[in-house]
Amino acid sequence: MLPGIAFVALSALLVSGQNSSPQPVRYTVSLAKANEHLVSVRIELPPGPAARTLQLPVWYALYQVRDFSQYVRSVRTANASVAIQMVNKSEWRISGAESGAEIDYDVLADARGPFGAQLNSHHAFFNLAEILMYSVDARRSPIEIRFTDIPGGWRVGTTLRASARAFTAANYDELVDSPVEISAFEENDFEEDGGHYRVIVDAVHGDYDMNKILPMLQRIVSAEVSWMADRPFKTYLFIYHFPRGPGGGGMEHAYSTAIDVNAHTLAFDAYALESVTAHEFFHLWNVKRIRPESLEPPDYAKENYTDALWFSEGVTSTVEDYMLLRAGLLDEHEYLSHLASAITELENRPAHLTQSAEESGLDAWLEKYPYYREPERSISYYNKGDLLGVLLDLKIRDASNGTKSLRDLFRWMNSNYAQKDKFFLDSEGVLQAAQTITHSDLSVFFEQYVAGTEEIPWNEFFKTVGLQLASKKVESADPGFTVARNFDSPLTVASVAENSAAERAGLAKGDVIEKINGHDPSGNGPSDNFANALAALHPRERIHVRIRNQRGEQELNWQLNTRSVLEFRLEDMKNLTLQQRARRAAWLIGDSEPIGQAHP
Ligand SMILES: [Zn+2]
């Protein structure tokens, strides 16, 4: 999304003396019913066609159809001459609107987190696509939006432009790419290398320390802007929530990001905040501007498929850790241990032999279903994509004698696609870019590991940086059940092994897990805290699980079984060569090796 384009078109029309520039669509969003979590919306459509179609997106922010219209009630018009009729669950037809129309409705906004829309007595946070319909014929028209009935002491935090009477956006796409926080938040800002950064925190005072957040942000934005040699914005906004309850995740936008980190996690795990921040900030290039063509323009009415999510999401995770290394927020030992854990995760999912990275991205829309998330059914395009980013980087270095790297791939894609307002040809486009910068044929790599499910010969890649992968079978606790959790739903039992101790103890599919050994297993990430809770368990010890189901709450306990898991770690090869050392040093800060120093 590139603001300014619509203005160029508009001023060109004015200069040519025509008067046909589109009139704005006006939205009024009232917070008067905060106690009921109800947002009252008025849409004012300017004069135009008599018949229009209003659409509410069925998805936004996550690659999941969430049917936001399930929360919409009492759609009506205030105009006697206008009629409105439902066409399908997310679409309404308006007639008699030649002189314009005013449409009113209420929408329940009670979904927390960076992917949601929430209004309560504490704050409002909106992904506007989840509450605002658009007129299909006027999706490119300019927008004016006003927020009314704002409680005293609350302010509006957003990257939408403020004018005297309203906030404005060039069009609906830009509007919904601009999340809005309205509350008594704390705001700060800083300048870094000519960029202006705003930081909004809506959390309990004392749960966070702005004096720690700001220097962390300065290091991350400085590392990423210099790595890309590009800063395609003047101002960028970080919106943070640190909820005390469950919550976590981040959502990227072109000029901002919204990030949730559980307050307890924030207190003891600095990496949780740093990693999601580095990830979402890098998305301002990768996915927001370096964008697969299949996602453009987004079709809000149905699923949008791309086979490049392994790159857009997974390789963003690769870069996230590179940038933390570069910013001095992560050291080599920690990084190699993250990398080895990612390999352990992939290798222990049987589906790594049946589902490719590309397929995993196409299947993203199934992630809301518990069975889909079973290790026999799916891999994660985050997990495999993260690893493919590392392997592709090492491959590019190998093919270019160290003179090119993942950084050159991103810079090339940035200048040849993003900066030319072009989109890349999904997964195939990444291959083309990698081949262009290395002048070599990388099609086998893509066939085998990106489109294919061949076992990855890890050591062939890692030996170029003097590392080898070692594995050992470790006995770990087998809880006897698996869990699934969608981004905003509680941790739920997805399956219970037949004849297991868990089954005998009374655990059943569908039970909500509230505590494991006294600890809340929810929190950050899709499964992180549960994985951590499991990792802390020992074979043959007793597990105490507090569950909730239709019969109420119950405390169950049983003795854990054992299972063996293949655990990987990365270790130094013996007698590292100068070349391996130089390659590793460059790799660990995301640099290429200077041409003069490259080794034949
Ligand atoms: Zn992401």
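A residue is called buried when its relative accessible area is under 20%, exposed when that area is over 50%, and partly exposed in between, as calculated with a 1.4 Å probe on protein chains only. By this definition Arg546, with a relative accessible area of 28%, is partly exposed. The model is a predicted one, in which local features need pLDDT of at least 70 and side-chain atom pairs count only at pLDDT 80 or more, whereas totals for chains, interfaces and linings use all residues. Residues are numbered from 1 along each chain as its sequence is written, and side-chain values use heavy atoms, with hydrogens and water left out.

The secondary structure of the chain comes to 16 helices and 27 strands, where helices (H or I, at least four residues) and strands (E, at least two) are DSSP runs numbered from the N terminus. The radius of gyration, taken over C-alpha atoms, is compared here with a globule rule of 2.2 Å times the number of residues to the power 0.38. For this chain the radius is 25 Å, close to the 25 Å that the rule gives for 600 residues, so the chain is as compact as a globular protein of that length. The C-alpha trace spans about 80 × 65 × 45 Å along its principal axes. Buried residues account for 54% of the 600 residues in the chain. With contact defined as heavy atoms within 4.5 Å, 68% of the contacts between residues at least 6 apart in sequence join residues at least 24 apart.

In soluble globular proteins, nonpolar side chains tend to be buried together. A nonpolar core is taken here as a set of buried Ala, Val, Leu, Ile, Met, Phe, Trp, Tyr and Cys residues joined through side-chain atoms within 4.5 Å. The largest such core has 90 residues, and those with the most contacts inside it are Tyr240, Phe242, Leu409 and Trp587. Helix H3 (residues 210-228) gives the most to this core, contributing 11 residues. The core draws at least three residues from each of domain 2 (186-282) and domain 3 (293-470 + 570-597), the bounds of which come from an automatic or database domain assignment. A second, separate core of 51 residues includes Val29, Leu45, Trp92 and Ile182.

Leu409 belongs to helix H10 (residues 406-416), in which Leu406, Arg407, Asp408, Leu409, Phe410, Met413 and Asn414 are buried. The elements covering these buried residues include H3, H5, H6, helix H9 (381-399) and helix H11 (426-438). When its neighbours within four places in sequence are left aside, Leu409 is in contact with Phe311, Leu392, Ile396, Val430, Ala433, Ala434 and Ile437. Ser400 lies in the loop between H9 and H10 and is buried, with a relative accessible area of 10%. The side chain of Ser400 reaches the backbone nitrogen of Lys404 at 2.9 Å.

A salt bridge is counted where a side-chain nitrogen of Lys or Arg lies within 4 Å of a carboxyl oxygen of Asp or Glu, and by this rule the count comes to 27 salt bridges. One of them is formed by Lys288 and Asp177, whose closest N and O atoms are 3.1 Å apart. This pair links distant parts of the chain, 111 residues apart, with Lys288 in the loop between H5 and H6 and Asp177 in the loop between helix H2 (172-176) and strand E15 (180-183). Both Lys288 and Asp177 are buried. Another salt bridge joins the side chains of Asp363 and Arg377 (3.6 Å, N to O). Asp363 and Arg377 lie in the loop between helix H8 (357-362) and H9, so the pair ties together parts that are 14 residues apart in sequence. Arg377 counts as partly exposed, at 29% relative accessibility. Arg546 forms a salt bridge with Glu553, the closest N and O atoms being 3.7 Å apart, and salt bridges that share partners join Glu514, Arg546, Arg548 and Glu553 into one network.

Several loops hold particular backbone features. A cis peptide bond, with omega about -10°, joins Glu296 and Pro297, and Pro297 lies in the loop between helix H5 (270-282) and helix H6 (309-326). Asp67, a residue other than glycine, has a positive phi near 45°; Asp67 is found in the loop between strand E3 (52-55) and strand E4 (72-77) and is partly exposed at 21% relative accessibility. Asn499 likewise has a positive phi, near 60°, and is found in the loop between strand E23 (492-496) and helix H14 (501-505), where Asn499 is exposed with a relative accessible area of 59%.

Terms used. Polar contact = N/O pair within 3.5 Å; in protein donor to acceptor, adjacent residues only side chain to side chain.
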